[in-house]
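Me: Hi! Could you walk me through this model, starting with the pockets and then the helix packing?

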Amino acid sequence: MGRVELDSKAKRQADFRLCNVSSHMTELLEIRADDPKMHVLLIPGNPGVVTFYKDFVESLYEFLEGDASITAISHLSHTKKDWDHGRLFSLEEQTDHKMDFIKQELENIEVPIILVGHSIGSYISIDMFKRSSEKVIYCIGLYPFLALNLQSTEQSIVGKIAASRVVSVALSLIVASLGFLPRSALRLIVTNSLAKSWSAVAVEATCSHLVQYHTMRNVLFMAMTEFRKISKQVPGIALSIERGHNHAFSCTEAGASCVAKYVASLIKNQLLHSRQ
């Protein structure tokens, strides 16, 4: 009986819900523990579509043995529906949005908050950590995008596309046109071009969110403000670039599980040291 209860406690599916944060509809992916000892808030990369992180959130909950409530929060207008009517949001506005969420949803919880950021979400998490109350006790950056790599061809291409409004609009329209295809055809294109090793969850997130015009425009606009804002000076933060899985770790079940296990070990070690 004890074994059954332990498995039931440590394995749960993440729930999706919409939340109005400072008048902006926000997509959340969350698991609520019965008796949480901490609350983990996941800040996504770019694109900030929370469903990309479903496998990671569920694995992290399991590796933390059901002791943490976990919330993954979307970026503004990186959503399936265009709640903000075409408005574009900068990196700074995305950060303010996450701070508003903490004040609105997590301010009165009695357990400590741990921030986990992925890619540009690491930069956002650092800024949040500096601005937050003592309740936010720890910050982890996964595959952090904290400084420009002038040798990176990929960053150079993305930077040039994002810097041009004309190119960004054109590319967003092209991508959005794929959304008119039958879902089965779209899945086939995504799987054969971008996501040969991706999980079904990641493929579905791509098909449901990234082929939306408003999402692509905000992905590229946020990228433009990322390139303008990024700093090489980073204060104390636990940074992780795990070997064996690439930047898009959350798009494969194996990558999500491996990184979740590593993050859980960091969190457990931090809590152990904080009690000593």
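Me: What volume does the largest pocket have?
Reply: The largest pocket holds about 1500 Å³ of space. Keep in mind that this is a predicted model.

Me: Which residues are closest to its centre?
Reply: N46, P47, E154, V158 and H247 are the closest to the centre of the largest pocket, out of 41 residues that line it.

Me: And which helices supply at least two residues of that lining?
Reply: Among the elements that do so are α5 (153-163), α6 (165-177) and α7 (183-193). α8 (200-210) and α9 (213-229) also supply at least two residues each.

Me: Which of them gives the largest share?
Reply: That would be α9, with six residues of the lining of the largest pocket.

Me: How does the lining of the largest pocket divide by class?
Reply: The lining of the largest pocket has 28 nonpolar residues, 11 polar ones and two charged ones.

Me: Great, on to the second largest pocket. What is its volume, and which residues lie nearest its centre?
Reply: The second largest pocket has a volume of about 200 Å³. Its lining consists of 15 residues, and R32, H39, E105, L106 and I109 lie nearest the centre.

Me: Which elements supply at least two residues there?
Reply: For the second largest pocket, β2 (24-31), β4 (68-73) and α3 (91-106) each supply at least two lining residues. By class, the lining of the second largest pocket has five charged, three polar and seven nonpolar residues.

Me: Changing topic: at what angle do α7 and α8 pack?
Reply: α7 and α8 pack at about 120°, and their axes are 10 Å apart. That angle is why α7 counts as oblique to α8. The crossing of α7 past α8 is right-handed.

Me: Which residues meet there?
Reply: From α7 you have R183, L186, R187, V190 and T191, and they meet V203, E204, T206, C207 and S208 of α8. The residues of this contact divide into four nonpolar, three polar and three charged.

Me: What about α3 and α4, how do those cross?
Reply: The axes of α3 and α4 (residues 120-131) come within 10 Å and cross at roughly 55°. The two helices are therefore oblique to each other. α3 passes α4 in a right-handed crossing.

Me: One more pair: how far apart are the axes of α6 and α9?
Reply: The axes of α6 and α9 are 8 Å apart, and the helices pack at an angle of about 145°. α6 passes α9 in a right-handed crossing. On the α6 side the contact is made by R165, S168, V169, L171, S172, L173, V175 and A176, and on the α9 side by Y213, M216, R217 and L220. Those residues divide into eight nonpolar, two polar and two charged.

Me: Last one: what is the phi of H85, and where is H85 found?
Reply: H85 has a positive phi of about 55° although it is not a glycine. You will find H85 in the loop between β4 and α3.

Conventions
Residues are numbered from 1 along each chain as its sequence is written. This is a predicted model: local features need pLDDT of at least 70, side-chain atom pairs count only at pLDDT 80 or more; totals for chains, interfaces and linings use all residues. Side-chain values use heavy atoms; hydrogens and water are left out. On a 1 Å grid over the protein atoms alone, a cavity is a set of points where a 1.4 Å probe fits but cannot get out, and a pocket is an open set with protein on both sides within 12 Å along at least five of seven lines; lining residues have an atom within 4 Å of a point. Grid points are joined across faces, edges and corners, and a volume is the space filled by probe spheres set on the points. Helices (H or I, at least four residues) and strands (E, at least two) are DSSP runs, numbered from the N terminus. Ala, Val, Leu, Ile, Met, Phe, Trp, Tyr, Cys and Pro count as nonpolar, Asp, Glu, Lys and Arg as charged, and the others, Gly among them, as polar. Axes are lines fitted to C-alpha atoms, for helices over the stretch in contact, and angles run from 0 to 180 degrees between N-to-C directions. Angles under 35 degrees count as roughly parallel, over 145 as roughly antiparallel, 65 to 115 as roughly perpendicular and the rest as oblique. A crossing is left-handed if the near helix is turned anticlockwise from the far one by less than a right angle, and right-handed if clockwise. Contact means heavy atoms within 4.5 Å.
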